[in-house]
Amino acid sequence: MGIRVADVSKHFGSFRAVDDVSLDVDTGSLVALLGPSGSGKSTLLRLIAGLEEADGGRIWITGEEATTRSVQDRQVGFVFQHFALFKHRTVRQNVGFGLELRGWTHGAIRRRVDELLELVQLQGFGNRYPSQLSGGQRQRVALARALAVQPRVLLLDEPFSALDAKVRKELRAWLRNLHDEMHVTTVIVTHDQEEAMEVADRIVVMNHGKIEQIGTPAEIYDQPASPFVMSFVGAVNVLPSHVPLAAATAEARAGSRTKGDVFIRPHDLDLHRQPQQGSVPAVLRRLTHLGRDIQAELTLASGEVVVAQLPRERIDYRELKAGDALHITSRDARTFVPDFVI
């Protein structure tokens, strides 16, 4: 087992940042801690790293108990959100800094730094300073520095959140490829659902200091364990069960009447010009072009607003305009009731 967390808690005054959490991270896997601000994901990461001291529980890293060990003794690589590079040191000096502290010879440091700069695709940048690099390049230097000391596990605290969307997407693909090459046990903290789905083998969804669900990206999205998970991971329409669109779809799926809210993904809604079996009327409020997809915001006869998202080829969007009368059908829905999930 790469990392094991057992019944770990951390309080800041009366605030329970991490509340009796247990988690296993397989050796060589890449796991994402996903949740909103204040959910406890960064605190849990810092507890694993030894940057925070747990109030209770135990932590193992690669089979050895690390609960009371110092940060240095845990042998983890940690990458922060804002790079934390030394401004007056070159790229080469930043990457090799941890090796200097460990007493490596100059020749060994040079060889290791050259190897890492090639790994993170920064050959030829060794003599530049951080101010001469782009944000994406600086974050790759930070990752190289974390990997230089050959850590037993790699911990990343929202490493791409300070970057623009295009660079974030590029670095996500790069990180996944890097992990597939190195197989270092890795935990990444993120509040970005797309990022977690794209890079992780498994996702740990956290809320209010507790774990809501652990699973593969497909399991988290297709089989959410709670209303919170379904609402947080991916877009969703939440409708009262008495609304005709919700009632008809939920009954068809469950085989009986349901109570409580009904959750419908935008991509499970279809739009029609004419009434269809099981359809409900709606008025188009707004049409948004999302590249290959079209997003339609509609008002139901009951007053609720829903969002549908569908590929361009599923409807002739060019003739649609605000105020048009349409009809909606739903192909899937999910309801949650206490101690039971439909």
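**Exercise 1. State what share of the residues of the protein counts as buried, and describe the protein as a whole.**

*Solution.* Of the 342 residues, 48% count as buried, where buried means under 20% relative accessible area, exposed over 50%, and partly exposed in between, with a 1.4 Å probe and protein chains only. The model is predicted: local features need pLDDT of at least 70, side-chain atom pairs count only at pLDDT 80 or more, and totals for chains, interfaces and linings use all residues. Residues are numbered from 1 along each chain as its sequence is written, and side-chain values use heavy atoms, with hydrogens and water left out.

Next, consider the extent: the C-alpha trace spans about 75 × 45 × 35 Å along its principal axes. Finally, consider the elements: the protein has ten helices and 19 strands. These are DSSP runs numbered from the N terminus, helices being H or I of at least four residues and strands E of at least two.

**Exercise 2. Determine the strand order of the open sheet of six strands, and explain why β6 and β10 stand at the edges.**

*Solution.* First, read the order, which is β6-β7-β8-β3-β9-β10, with mixed pairing; two strands pair if DSSP finds at least two bridges between them. Strands of a sheet pair through backbone hydrogen bonds, either parallel or antiparallel.

Second, examine the ends. β6 (76-79) and β10 (210-215) each have a single partner strand, so one side of each is left without a neighbour in the sheet. The twist from one strand to the next averages 15°; axes are lines fitted to C-alpha atoms, for helices over the stretch in contact, and angles run from 0 to 180 degrees between N-to-C directions.

Third, take one pair. Strand β9 (residues 202-207) runs antiparallel to β10 and is joined to it by five bridges. Val205 has Gln213 in β10 as its bridge partner.

**Exercise 3. Locate Arg138 and describe its surroundings.**

*Solution.* Begin with the element: Arg138 lies in helix α5. Helix α5 (residues 135-148) lies across β6 and β7 and runs at about 165° to β6.

Then list the contacts, meaning heavy atoms within 4.5 Å. Leaving aside neighbours within four places in sequence, Arg138 is in contact with Phe83, Leu85, Pro130 and Leu133.

Lastly, compare sequence with space: Arg138 and His82 are 56 residues apart in sequence and 9.3 Å apart in space, C-alpha to C-alpha.
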